Amino acid sequence: MSHDKSTSTESRHDPVRVVIVDDEELVRMALRLVIDGEPDLTVVGEAADGNAALAVVHEQRPDVVLMDVRMPGRDGLDTARELLGRPAPPRVLMLTTFDSDDLVLGSLRAGALGFVLKDTPPARILDAVRTVADGNPVLSPAATARVIAAATGPDSVHTRDRHRAAARDRLSTLTERERETARAIADGLGNAQIAERLHITVATVKAHTGNLFAKLAVENRVQIALLIRDADDT
């Protein structure tokens, strides 16, 4: 399975195929109108709940799933976990509101590439879909602070201790250089910036990043950043 695909949407011959999952019909309609108005994007399916989403994704094989976090029945988190556990999964971009911090954090741990708020301007949602299609993370600035607060808050000491122990155990398999690369990724640096920080070549950064994906059994850089954050949580 490949990771962090470098092919940009600008070089694609076919439009990015998108499935919209939201229990509100008006939300789905609005997103479809916005996405289908772009020549490089196309909506290939919709679903109103998690179970329907699994069926639509299986049938349509989209590049990106734009999924509501909270839905009746099977919620977006459980659905994302199921989708991302399948062979050759789509990219998953979560739609959220401020009251779903805990589910968003779980979605990122499950492998979703990011999240945007439902009141995000349409142009930014389109940019987020394109970014996720390229395998790059998207974290809405307004919601990121809330998610970090939820991850580091005092509500569940036992859960945080468990995550910290598990993260440190996984990171213990890394070499010192790989650990430095992982920390730089967690700081939000790109390959060129990491190379400059560590005084190595971009090719070496890519090699270390590939080792991180393999050793940590992760799908994207967001999961690496969460592991570093969990390990550092005190």
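Reader: What share of the 234 residues in the protein is buried?

Author: First, the ground rules: this is a predicted model, where local features need pLDDT of at least 70, side-chain atom pairs count only at pLDDT 80 or more, and totals for chains, interfaces and linings use all residues. Residues are numbered from 1 along each chain as its sequence is written, and side-chain values use heavy atoms, with hydrogens and water left out. Buried means under 20% relative accessible area, exposed over 50% and partly exposed in between (1.4 Å probe, protein chains only). Of the 234 residues, the buried share is 46%.

Reader: How many helices and strands does the protein have?

Author: Both kinds are DSSP runs numbered from the N terminus: helices are H or I with at least four residues, strands E with at least two. On that basis, the secondary structure comes to 11 helices and 6 strands.

Reader: Among contacts between residues at least 6 apart in sequence, what share joins residues at least 24 apart?

Author: A contact here means heavy atoms within 4.5 Å. Taking the contacts between residues at least 6 apart, the share that joins residues at least 24 apart is 66%.

Reader: Is A53 buried or exposed?

Author: A53 lies in helix 2 (residues 50-60), and beyond four places in sequence its contacts are V21, A47 and T79. Its C-alpha atom is 8.8 Å from that of M67, 14 residues away along the chain. Because its relative accessibility is 0%, A53 counts as buried.

Reader: Which residues is T79 in contact with, leaving aside neighbours within four places in sequence?

Author: T79 sits in helix 3, and it counts as buried because its relative accessibility is 0%. Its contacts beyond those neighbours are G50, A53, L54, M67 and R74.

Reader: Which residue does UniProt list for "modified residue: 4-aspartylphosphate"?

Author: The residue in question is in strand 3, and it is buried because its relative accessible area is 5%. Leaving aside neighbours within four places, its contacts are V21, D22, D23, G76, M94, L95 and K118. UniProt positions are given in the numbering used here, with shortened feature names, and annotations may be inferred rather than shown by experiment. The unreviewed entry lists D68.

Reader: Where is R61, the non-glycine residue with a positive phi of about 55 degrees?

Author: R61 is exposed, because its relative accessibility is 53%. A217 also has a positive phi of about 55 degrees without being a glycine, and A217 is in the loop between helix 10 (202-216) and helix 11. As for R61, look in the loop between helix 2 and strand 3.
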